[in-house]
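Here is a short briefing on one protein chain. Please look over the sequence and the structure first.

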Amino acid sequence: MIRTRLCAAAAAVLLAACATAPPPTRPGAPAWISGRLTVKVDATATQAAQGANAAFELRGDAEGGELHLNSPLGTRMVSARWSRSGAVLVTAQGERSFADLDALSREALGESLPLAALPDWLAGRPWPHAPHLPEATGFEQLGWHVDLQRQAQGWVEAQRTTPPAVSLRARIDTL
């Protein structure tokens, strides 16, 4: 149900192809990263292909943070926040708590996404809490290939090739 609503709302975001201004940052808080995000999960024998597109606002690290997905008009569609004690997904239907970010992303998209590592990846660096291998186009970490070839133009792409393959593409407007 959440997946269906997220995909429908994300399609509207793709049509508008715009990002909203990030919320104000309180003194000492990590800076907001904003832009557009596309996630695609390949089909499996038991699940249809999934995909989502949205304007996003993200800040935080492995210790805690927030991710907001917004509609073309700036309406918040979905929010996630996390801390060491767990993660919360907020939708129009209410709040749901999860043990961690992996469980939250599995529920929302059917696959675990490296949300804790995402702020570092979008900044063009490996996440400091896991080993990584340098590659000609970026680096490999957590089973994902992070491509930084177009980072100067504001693009960061990450792919997991183990089935089901997952691709994450971000167009960064503010960092």
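F139 is buried, with a relative accessible area of 3%. That is under the 20% cut-off for a buried residue. The model is predicted, and F139 belongs to one aromatic cluster with W121 and W144.

**Aromatic cluster**

- The structure holds two aromatic pairs.
- W121 and F139 make up an edge-to-face pair.
- W121 counts as buried because its relative accessibility is 2%, under the 20% limit.
- W121 also pairs with W144, and this pair is tilted. Here the centre-to-centre distance is 6.2 Å, with 55° between the planes.
- W144 lies in strand β9 (residues 144-147) and W121 in helix α3, so the pair links parts that are 23 residues apart in sequence.
- Is W144 buried or exposed? W144 is buried, and so is W121.

**Strands around β8**

- Strand β7 (residues 132-135) pairs with β8 in the antiparallel sense. Four bridges hold this pairing.
- L133 has E140 in β8 as its bridge partner.
- A hairpin through two residues joins β7 to β8.
- On to the next pairing: β8 and β9 run antiparallel and are joined by four bridges.
- Which residue of β9 stands opposite E140? The residue is H145.

**Whole chain**

- The protein chain has three helices and 11 strands.
- Read from the N terminus, the order of elements is α-β-β-β-β-β-β-α-α-β-β-β-β-β.
- The chain has 175 residues, and 45% of them count as buried.
- Take the contacts between residues at least 6 apart in sequence: 42% of these join residues at least 24 apart.
- The accessible surface is about 8,900 Å². Carbon and sulfur atoms account for 55% of that surface.

Note on methods
Residues are numbered from 1 along each chain as its sequence is written. This is a predicted model: local features need pLDDT of at least 70, side-chain atom pairs count only at pLDDT 80 or more; totals for chains, interfaces and linings use all residues. Side-chain values use heavy atoms; hydrogens and water are left out. Buried means under 20% relative accessible area, exposed over 50%, partly exposed in between (1.4 Å probe, protein chains only). Contact means heavy atoms within 4.5 Å. Accessible areas come from the Shrake-Rupley method with a 1.4 Å probe; for residues, only the protein chains shown count as cover. Rings of Phe, Tyr and Trp (its six-membered ring) pair if their centres lie within 6.5 Å; planes under 30 degrees apart count as stacked, over 60 as edge-to-face and the rest as tilted. Two strands pair if DSSP finds at least two bridges between them.
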